[in-house]
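Take a look at the chain below. This report walks through its strands and helices, one group at a time.

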Amino acid sequence: MSSPTDSPLTTRVGQVFIPVRNMVAAVEWYSRLFGIKANVGHLGHDDTIFDLPTDAPPYVCLDANQPDFVASGPARCVFLTEDLEATIAHVASIGATDVSPPEDIGSLCFATFREPDGNLLMAAQLN
C-alpha cells in the first residue's frame, strides 16, 4: 500500500535501539528472554553494539554507547507473543521486575515489565 508523498521516508521501522549499561550481561539476559543463542563474540563498534538475531525488521539492537541513560517513559518497544500468560511467567522467571498483570484493550492484551537496565518493555498478544 504505497501512495505518493512529499517525503522520501517510509513509515516502516528498520531498527529499534535499546540502551544498556553492561553489554555482556544484557546479551545474556535478552538471549534468555527470547530463548536464543547469542554470541557476544559478535559485538560491534568497540563492543558497544549488539544486533539480536531476529526474523525480520524491525531489528533489535542493544546499544551501550550511552551508559548514563535514564530508563523512564513509555515502553521502548512491543514484542508480540502467542501466549501472554506464559510470557508473563517467563519474564518473571528470568528476573524482569515490575511485571504488570495482563490488560485487555479489545484489539490486544498486553503486559509491561522492566529488564535489568530498567527499560520498560511490553509484550502483546493480538486478540
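Predicted model: local features only at pLDDT ≥ 70, side-chain atom pairs only at ≥ 80, totals over all residues.

## A hairpin and its sheet

β6 has a second hairpin, with β5. Here three residues lie between the strands, and G106 in the turn has a positive phi of about 100°. β5 and β6 run antiparallel, joined by two bridges. In one of the pairs, E103 has F110 of β6 as its partner.

How much of β6 is buried? Six of its seven residues are, so the rest of the structure largely encloses this strand.

The strands belong to an open sheet of four, in the order β4-β7-β6-β5, with mixed pairing. β4 (78-80) and β5 (103-104) are the edge strands; each has a single partner, so one side of each has no neighbour in the sheet. β4 pairs with β7 in the parallel sense, over three bridges. F79 has A123 of β7 as its bridge partner.

| Strands | Sense | Bridges |
|---|---|---|
| β5 and β6 | antiparallel | two bridges |
| β4 and β7 | parallel | three bridges |
| β1 and β3 | parallel | five bridges |

## The helix on the sheet

Which residues of α2 (residues 84-93) are buried? They are L84, T87, I88 and V91. These residues cover an arc of only 100° around the axis, which puts them on the same side of α2. E85 and S93, on the other side of α2, are exposed. The buried residues pack against β6 (108-114), β7 (120-126) and also α1 (23-34).

Now look at the two ends of α2. At its start, a side-chain oxygen of D83 comes to within 3.4 Å of the backbone nitrogen of E85. After α2 comes G95, with a positive phi near 100°.

## The other sheet

Another open sheet has three strands, in the order β1-β3-β2. Its pairing is mixed. Which strands stand at its edges? They are β1 (15-19) and β2 (49-52); each has a single partner strand, so one side of each is left without a neighbour in the sheet. From one strand to the next, the twist averages 25°.

β1 and β3 (residues 59-63) pair in the parallel sense, over five bridges. P19 stands opposite D63 of β3.

## The whole chain

From the N terminus on, they run β-α-β-β-β-α-β-β-β.

The C-alpha atoms fill a box of roughly 40 × 40 × 30 Å along the principal axes. Of the 127 residues, 37% count as buried. The accessible surface comes to about 8,100 Å², and 54% of it belongs to carbon and sulfur atoms.

How far apart in sequence are the residues in contact? Among contacts between residues at least 6 apart, 52% join residues at least 24 apart.

Notes:
Residues numbered from 1 in each chain as written. Heavy atoms only, no water. Pairing = 2+ DSSP bridges. Axes fitted to C-alpha atoms, helices over the stretch in contact; angles between N-to-C directions. Buried < 20%, exposed > 50% of the residue type's maximum accessible area, 1.4 Å probe, protein only. Arc of directions from axis to C-beta. Contact = heavy atoms within 4.5 Å. Polar contact = N/O pair within 3.5 Å; in protein donor to acceptor, adjacent residues only side chain to side chain. Areas by Shrake-Rupley, 256 points an atom, 1.4 Å probe, with all protein chains shown as cover.
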